[in-house]
Each structure stands twice: as structure tokens, then as C-alpha cells.
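Student: Could you walk me through this one from the start? I am new to it and would like to take it site by site.

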Number of protein chains: 2
Amino acid sequence: MANVRIALAQIDTCVGDLEANTQAVLEWSRRAAAAGADLVAFPEMTVTGYPIEDLALRASFRRGAEAALQATAALLEAEGLGGLVVVVGSVGEELRSAPDGSPARPTNQAVVLHHGQVQARYDKHHLPNYGVFDEYRIFAAGTRACVLEVCGRRVGLVICEDIWQDGGPVAAMDDADIALLVVINGSPFEEGKGHLRTELAARRAHEVGAPVAYVNMVGGQDDLVFDGGSFVVGADGTLLARAPQFVEHLLMWDLADDAQPPARGELAPELEVDEEIYRAVQTGLAGYIRKNGFRSVVLGLSGGIDSALVAAISADAIGGSHVVGVSMPSRYSSEHSKDDAADLAKRLGADYRIQPIKPMVDVFEAELGLEGVAAENLQARVRGVILMGLSNAEGHLVLATGNKSELAVGYSTIYGDAVGGYAPLKDVDKSRVWALARWRNNAALDAGELPPIPESSITKPPSAELRPDQVDQDSLPPYDLLDEVLDAYVENAEGRAELLARGFDPEIVEKVLSLVDRAEWKRRQYPLGPKVTGLAFGRDRRLPITSLWREP
Amino acid sequence: MANVRIALAQIDTCVGDLEANTQAVLEWSRRAAAAGADLVAFPEMTVTGYPIEDLALRASFRRGAEAALQATAALLEAEGLGGLVVVVGSVGEELRSAPDGSPARPTNQAVVLHHGQVQARYDKHHLPNYGVFDEYRIFAAGTRACVLEVCGRRVGLVICEDIWQDGGPVAAMDDADIALLVVINGSPFEEGKGHLRTELAARRAHEVGAPVAYVNMVGGQDDLVFDGGSFVVGADGTLLARAPQFVEHLLMWDLADDAQPPARGELAPELEVDEEIYRAVQTGLAGYIRKNGFRSVVLGLSGGIDSALVAAISADAIGGSHVVGVSMPSRYSSEHSKDDAADLAKRLGADYRIQPIKPMVDVFEAELGLEGVAAENLQARVRGVILMGLSNAEGHLVLATGNKSELAVGYSTIYGDAVGGYAPLKDVDKSRVWALARWRNNAALDAGELPPIPESSITKPPSAELRPDQVDQDSLPPYDLLDEVLDAYVENAEGRAELLARGFDPEIVEKVLSLVDRAEWKRRQYPLGPKVTGLAFGRDRRLPITSLWREP
């Protein structure tokens, strides 16, 4: 029996862009066929993009996806690619009523195209509805397993969460005598998740007695980042092939005859943790900019580490010449801050501008007579108005530069430095901000290039410069300690008792908890409104931020 | 056999305020006992408030709720109220692993307190996870029915969604020979939902062959409004008692001996639609202000209908003297606008201030050289900075005055007039804005009072006054037509084909759809950030906005 050649097409789709997504299916199917593939598998919800949230509930969207899918099958056949088995993801057109009487919903499908036809459809069984996932809200669960025949070999097909839960379709494969299990995925990046995925797949491979081929999407979509990192593990759990992370890629692997030892394919090296997170942030930002139709970004450059890192990541994502950095000094800004901002912009080749805020702040203060926190916030809000004015006039996406530690403790002004369409460091704590900056500079040195971030931005004590001689540690614990407490309290949802049992200083715990609780509350208060008539805009209308789908 | 006296305690809880919520249980149990009740039933999740979102997943919160519940049982007994059967809602302390392998979650419980003990617990079976509901995300489903014995009669107990779905615990009651079904609810207000509830309860009463007593919570919580309107229907579907909407209330009703005809209780009159929606908006706003610890609000008064209606509702919610209205005229503001704003403030007894925006706009324009839309937005943003400055300095909650039609088509400035912690008209379309204003003025006339809203604010053509002689209908279809199209496209998720089939003008359809799609996209872009490490702040951390729970 001949080998069966498998291609895993790790591509970057965009929610709603049915035309571009199906064009990509055609293009990557051509490449797979040219590489001799018998089967090419694309990520979860290829045709629609992922995650589609409440677009799933709009009939005209589902009709459009189904039409695009059928057209793709016909085009593959017309191009002479009908013999290639093409596995794509999409949304089912029809609604299914749920057994518990809740509203009817469509299914999350894997669709097999062959000889110009839809040869098979598989409906995802396990619908994750925790963390970032809302699938039980929008999809009905499938109930049947799916086994294809490809070149005389039996190939099982499941979708993402189906392998994360015991039982269900994978357990059914145990008796199905399959030669390969193909899993199509939309698995968001998390630090260290790569190992979880391969260990899990190894376990399932053992259960079904066959290799597992895992294809994942890549790219930024709204507030999620998909890292790719597609792979194949053998029936004994050995890693046989792995694609690189954060790039589109075609991973080829041969399913050998049972009598042969398993084939090995490309094995992309693993990234170390700071590089992996830097690339994740960069990928998320690049995707958000492109998919939302922007070509450039604008941000305030304070001379501090957060805005320096955001500028460096932006330059890596879209090129320094597409980055507009605005120095907006106040009466409290130090000379070294302005120098560091200018130096950074020069290193990045960014469009650098200086717009002092004093004239505006003076007239607001004269008119309104504000002092204390109200006056501090005013400075941040004048900067927000300046950045939004430049955005409206010149079309740049505004980036907010706050990091996760600051946001967690409320060290941020609503409608001030929080202004922006995207906050690249929202999920990066301050300790990691420094680590990423050092990693990026070292990577430049290793490549014989000028480090993008001025050394003094990394080494100086952090300050918001909203009043004379202010530094962050006037009001916050040291960041390494703060980040440890935040990790336990916010990430791990530990309570005060658990934090004290870990040995944290009770005063620090009290301080951090009260700051976080207040900041959480303030952040969630803006902006909001009630649901009164039927639907309001808010929790009851969850649409993707980035969607290129338009009502046909 | 004697009558069994039932009390339905329609109270206003606050998420996280375990102390106040259990104090309310004690206070209303005293009232129920004083009125001779044998059983008092409180709304869903009484102890914790509702909806608690991801607070359900925090162990220290669940421990706190359980401790408050146990303390309440002991206090009831100590006060001599141990003989009263008290049914309250709470969150279960323990996590249950879900059969499908998804993360372990607690249950949504009805807890029966009697003689100082927890006599029974019932776990909600049907977990709504559509529209505004996220319960499958945070709760595990119960599997057992619950029947109590009260004064020798069998009383079935279920929670909210359990009666909205066929099957489950209500079907099990069919064989349980119950004399009464008690349903505790957190059912958000929607226009016309009162009739849906009573019709549904009548159907369930028929199925179980017994009356249904339905107690609902009341008050505003985050972006939801609960209208109360608790009621009792007989086994034959007759409405036997009904509480008023939008107020805390104790509805008493006697479960008669089987040999007697069913007793009738108080029947509060129904509200007509404009009054009902006005009261819903007022209740939502009043709850948001109070539960977030504010005592006053600040808003811009333009002289137009939206800000006039918001000011009138605010005055009804917290008293006119707690409303700060700021006229912020620009070079384009008409004299009649300023006069109408002053007249409104006087009628309401509001704190009225005038702060021209020209000095700030002039200096921004001189410094930045903005024109066109960027210059229009600048005016709105300067107003936002003024309102936030007053909020920071004086502690008022900022109200945004935009209505649903404007927000839907993007007739709003991000970080400008969209600034605010609460937007009372977010879910009220422009046609309804006029209707509510007219209803409120007529209600004043009927009561022999001065109408709060100047007539010219109702009758003049709407204008944003951001450029000379601008009116809304320069760029928008007439509002009555716009609102019809929005209702079909946004509320009912109809596609272009369905809209054209309804006979709408194709040009209008094209215009409205492109405006809505663009506005939706713009609105969702601000603000946002990526999930990269573990949890980020965003979709994966859904906490209530208003929660008085603090880490113990």
C-alpha cells in the first residue's frame, strides 16, 4: 500500500471575509497538490474565519458561507484539483433545535470537498464555553463521528475541543480502526500551550492507535492570537513533524504503510518564552491593523518603557515608517524623557512629532479650575484628544500603551492614556515588558543591528510624569512583587486567605486587592447602558470586532 | 385543611453585597411573618445578587455566600422566625464536574431555610446561555427535582429558566402530586414580557395541575433592568394575584384547601407601554447610580430632546437637585438651544452651569490644524473632557445621552458624546425618545404639574449642531423610517433580501446597512487588547460592573 501524503495548511483567515478565505483555500490547495498531497486540511472555520460569535445566528451570513463553500468545491474541480481531498471548516447553514429547548443554533462544521462535491460533513461535538470561548451560545452540538476513506486508508476527522474532552467522537474512533486522526483547530495562543497540545494529541493517538495530524490557524483576530504550530504525533506519542509558529505554512507529512516505520517530517525549532510572547503580541497587532483596514498607527511616546516597546513591536509588525510617534510633553516631563522619545523614533525610522500639551491644559485649567487627580487626568485626556484628532485627520489606528499591571491596579486614565483601538500590552505585565524589551534589543545585537529601544528607557525608574518628581513606586509595590500578587489574585482567582498562606506581606495584599477591585469596577463602568426594549448593544449582541462580512 | 399563606418578596438585591442582601431577607421575612405567611419566597440568587457572571468561579466569593446563608438561617431562628419556610437563591459552594468534561462549575441554587437549618437545596436544571444570559458558562446543571412539605401540603420548587423549557423538573412535578409550584426568578425586563411570563406560567400550571407562584426580582443591575411584576396563576391558568412593577413589594396569596375555590389576591394594574419603558429606564438608572455609590449625575444639556429626556429621567430617579446639567455651547449652537437647556434645568430644579467650549476648541485647532470630521469630533471630545473633569472633581456619574438610533448608525463621537458611565437611552430608539418625552409631559399635566421638558425641545428638528445649520436629516432618513429598518436589521437579524421583500426603498436599505455595519465596527474597535499570556482583561474575565463583594 502506498504512502498517503498529508498537507496541513496553517493559514491566516479573517472573520467574514468569505471571498479572501476561500481564495486562500484555493491557493493553498494548489500548493498542496503541487507538493503531491492526497489530503489537505485547513483550520477550524476556514471559510468564515474564527471566532464568528453572533454572526453565526444571522441567516444571511450562513447562506453566504455555504455559497462560498459550494463555489470553492466547483472551482477546485474545474482547476483539476478534484482528486485532492480538501478538509475545511465552516458554519452549517441550517439551525438545529437543541435537545434542552434552548434557541436553535447552527453547527460548527468540518466539510470534506472531493471531486467538486461536498463528500462529508462533520459537526463539532464539544462546544467550549469557558475562558474566551462562547460556542455553546452560538452552536448546536454534533452527535455523529466521521471517518473518511483516503487512498484506501481510514481517516477520522474531529474539530479542536473534541480532543480536549474525554469521550465523544474520539472515543468512538477507538473501534473505527482508523489509520490517522485529523484535527482541525482554532486554538488561541497561551504561554506554554504548545506542550499541552502535543501531550494531549499524544494521549489521543494512543487511545485511537493511530497518528494524529493537528492543523491550527495562525494570525491575530480581534483580541485573540493564533500561533499555528501545527504538528503530527505518531501512535506511540512521538512528535513526527512540527510547523513554525506565527507564520502561514504548509506542513507536509507522509502516512506510511502500516508495515513501515512512521515517517518524519520537518521539525521547526521551539521558541524560548520571551521571543514567543513578543511574536504573539506582534502577530496580534499586525492582524488587527491589517484586518481592520489600517496601514499605520499613532501613539504617544513618553520616553518610558511601555510606549517604547509598543513602538518597537509596531515597527516589527508594519514597518517603522508606518508608525507615528507623538511626544506630548507637559510641564512635568523631564528632558531625558523627550530625548529618549526622539532617540527611539530615530532608531525605528518612525514619523516623529512633538506636540506640547501646555496650551490646551492651561486653557482647560483656567476655564474649569481643576486640581489634584482631576488635573492629572486632564493632562492624559488632552493627549487622548490629540491622538484621536490625528487619527481622524490622517487615518492612523490609535494604540494605547498601558501594560497589564497598570491596568490591573487602575494606574491609567479613562478617556486619557486608555484611549486607543488596540492595547498591545493589555495582557503583558510590567515585569514581562522589561523582559521583552531586553529580548528585542539582544536579538538586534545578535543580528548585528542597532537595538531599537534606548537603554535608558529600560533602566530608568518608571514614572507617569503627571506631577513633579513622581515615580510609580510612590504609590505601588515594586513591580516584581506586584506582578506576583496580581498573578495569584487575578489569573488564579485566589482569595485573600490563599495569598496570605503563600506568605505575601498582609499590607501588600491589602493594598493590591483594594486597588484591583476598585480598578476593575471603574473600568467596567465605562461605557455602558441598559437593555430595555428587545436587544440593546452590549452583552446581548456579541459580534466580532473585525469582520469583513457585509450584508450581501 | 387550613389555607397556606404564601408571601412573594419582590426585592432589589445588589450583586456582591452579601451583607445587605441577607439583611433584606431578614427584614422581608419579618414582614412576611407579620402578615401571617407560612412560606416566603425571594428571587433567584437573593444572597449573591444576580447576575454574578464570573464571580461564580471565585472560591472565596462562594464561601462568603454560603457563610452569609448559614448566618441568615441562624438569625431567623434566633428571632423566632424559624417556623417560617424561607426560600432564597444563592450560589452553591462546591464545584461540580460537568459530564462533558468542561471545567467544573458551581450550581445556581434555591435554598430552603427552616428552623435555623438548610432544609433543602435545589439546583437549577436549565441554564440559559443566549441573549444576555451566560449561565452555561458559569453553572453546572442540576439533575434532581425538589418538593417541600409546607403545612402538610406538597410544594414544588424550581428556578426561572426551568419553566421556560419543556421537560426537566417541571415535567417531573406532573407525577409528584403537588399543591403549588413556586418559581424564583431573575427575569430581565423586555417590552411586553409580562404577558409571556403569565401565559407560560399558566401552561405549566395546567401541566402540573396546581397553581404557580412566580416571584421576580426588581431593580437595575449593570445593563439589565428587572421589573418585578410577581404573580400567581391558578391551575386553570387564571391570574389570581399580581404585584406592581418597578417597586419592592410583598405579594400575599393564600393557597386554599383543594375543596375551596382558589383565593384571589391583589391585582396591580398593568402599565401602558410608554410608561412601562419610562419606568424601566428610570429603574435601571436609579439602580446603577445607587449601587455604584454615586449620589449625583452630570450631563451635557444641548437643548435637544435626548439630553432633555435623560435629565428628566435622572430627576425622577434621584431628584432634580442631584442632577448637574452643563450647557457647553459652541460657535454653532443656536440661541434657542441655550434657552431650552436653561428652561429645562429650571423646570427640573437641576444645578445648571454654562461652560462655552470655544476657548478650548480654538487652542486645539490652532495647535493641531484640524478640519472636517476631525474638527467636528474635536468639539464633542472637548465636551467629554469637561464632563469627566467635573466628574473627577465633584464625584458625579457622567451620563451619555445618545439614543439607540444614533448609536446604531454611528451618529456619535467616540470619546466625545459617547463619554459616560451609563447611557440611559442606549436601548431606546429615537421614535420612542419622543414618545417617552410626550408621555412624561402628559403625566405631569394629568397630575397638575409643570411638564418637565420644554415643548420646543420636543418639536424642533433634531440637530447635532457641529457645523452651521446642520440637521440630522441632512445625512439620515426620517427617524420613523430609520427606526423601522433598524428594528428589522438589528433586532430581528434580517438580511438585505428580507428587508427588500418587506418593501423598504433599496436606497434607504443600502444607506442604513452601510451605516450600521460601519458603526458596529467602529464601536467594537474601541477599546480592546489581546489575550496573550493566560487571562487578559476582556472577554475571558466577565465580572459584574456593579458588585459590592470585596475579597474577605
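**Talking through the sites**

Tutor: Let us begin with one residue and its surroundings: leaving out residues up to four places away in sequence, Glu44(A) touches Tyr50(A), Gly89(A), Asn108(A), Lys124(A), Glu135(A), Ile159(A), Cys160(A), Ile184(A), Asn185(A) and Gly186(A). Please keep in mind throughout that this is a predicted model.

Student: Where in chain A does Glu44(A) lie?

Tutor: Glu44(A) is in the loop that runs between strand E2 (39-41) and helix H2 (59-78) of chain A.

Student: And is Glu44(A) buried or exposed?

Tutor: Its relative accessible area is 1%, and because buried means under 20%, Glu44(A) counts as buried.

Student: What does UniProt say about Glu44(A)?

Tutor: An unreviewed UniProt entry gives the annotation "active site" to Glu44(A), Lys124(A) and Cys160(A). These residues are spread over 117 residues of sequence, yet they cluster in space, with a largest C-alpha distance of 9.9 Å.

Student: Which residues does Cys160(A) touch?

Tutor: Not counting residues up to four places away in sequence, Cys160(A) touches Glu44(A), Lys124(A), Val183(A), Ile184(A), Asn185(A), Gly186(A) and Ser187(A). Cys160(A) sits in the loop between strand E7 (153-159) and helix H4 (169-173) of chain A, and with a relative accessible area of 6% it is buried.

Student: Changing topic, which residues are listed for "binding site" along with Thr401(A)?

Tutor: For "binding site", the unreviewed UniProt entry lists Gly300(A), Leu301(A), Ser302(A), Gly303(A), Gly304(A), Ile305(A), Asp306(A), Ser307(A) and Thr401(A). They span 102 residues in sequence, but no two of their C-alpha atoms are more than 11.9 Å apart, so they gather at one spot.

Student: Take Gly300(A), then: which strand is it in, and what does it touch?

Tutor: Gly300(A) belongs to strand E15 (residues 297-300) of chain A. At 17% relative accessibility, Gly300(A) counts as buried.

Student: And what about Asp306(A): which helix is it in?

Tutor: Asp306(A) lies in helix H7 (residues 305-318) of chain A, and at 9% relative accessibility it counts as buried. Again not counting residues up to four places away in sequence, Asp306(A) touches Thr401(A), Asn403(A), Glu406(A), Leu425(A), Lys430(A) and Val433(A).

Student: What does UniProt say about Glu406(A)?

Tutor: The unreviewed UniProt entry has a "binding site" annotation that covers Asn377(A), Glu406(A) and Lys522(A). Glu406(A) is placed in helix H11 (residues 404-409) of chain A, and it is buried, with a relative accessible area of 10%. Apart from residues up to four places away in sequence, Glu406(A) touches Asp306(A), Tyr411(A), Lys430(A) and Tyr479(A).

Student: What is Asn377(A) in contact with?

Tutor: Leaving aside its neighbours within four places in sequence, Asn377(A) is in contact with Thr413(A) and with Asn392(B), a residue of chain B. Asn377(A) lies in helix H10 (residues 372-394) of chain A and is buried, its relative accessible area being 11%.

Student: Stepping back, how many helices and strands does chain A have?

Tutor: The secondary structure of chain A comes to 16 helices and 18 strands, and its C-alpha trace spans about 80 × 60 × 55 Å along the principal axes. A compact globule of 552 residues would have a radius of gyration near 24 Å, and the 26 Å of chain A agrees with that.

Student: How much of chain A is buried?

Tutor: Buried residues make up 63% of the 552 residues in chain A. Among contacts with a separation of 6 or more in chain A, 73% are between residues 24 or more positions apart.

Student: And what about the surface and the charges of chain A?

Tutor: The accessible surface of chain A comes to about 19,200 Å², with 51% of it belonging to carbon and sulfur atoms. Chain A has 52 positive and 80 negative charges, and their mean positions are 5 Å apart.

Conventions: Residues are numbered from 1 along each chain as its sequence is written. Chains are lettered from A and ligands numbered from 1 in the order in which they are written. This is a predicted model: local features need pLDDT of at least 70, side-chain atom pairs count only at pLDDT 80 or more; totals for chains, interfaces and linings use all residues. Side-chain values use heavy atoms; hydrogens and water are left out. Helices (H or I, at least four residues) and strands (E, at least two) are DSSP runs, numbered from the N terminus. The radius of gyration is taken over C-alpha atoms; the globule rule is 2.2 Å times the number of residues to the power 0.38. Buried means under 20% relative accessible area, exposed over 50%, partly exposed in between (1.4 Å probe, protein chains only). Contact means heavy atoms within 4.5 Å. Accessible areas come from the Shrake-Rupley method with a 1.4 Å probe; for residues, only the protein chains shown count as cover. Lys and Arg count as positive and Asp and Glu as negative; His and the chain ends are not counted. The place of a charge is taken as NZ of Lys, CZ of Arg, CG of Asp or CD of Glu. UniProt positions are given in the numbering used here, feature names are shortened, and annotations may be inferred rather than shown by experiment.
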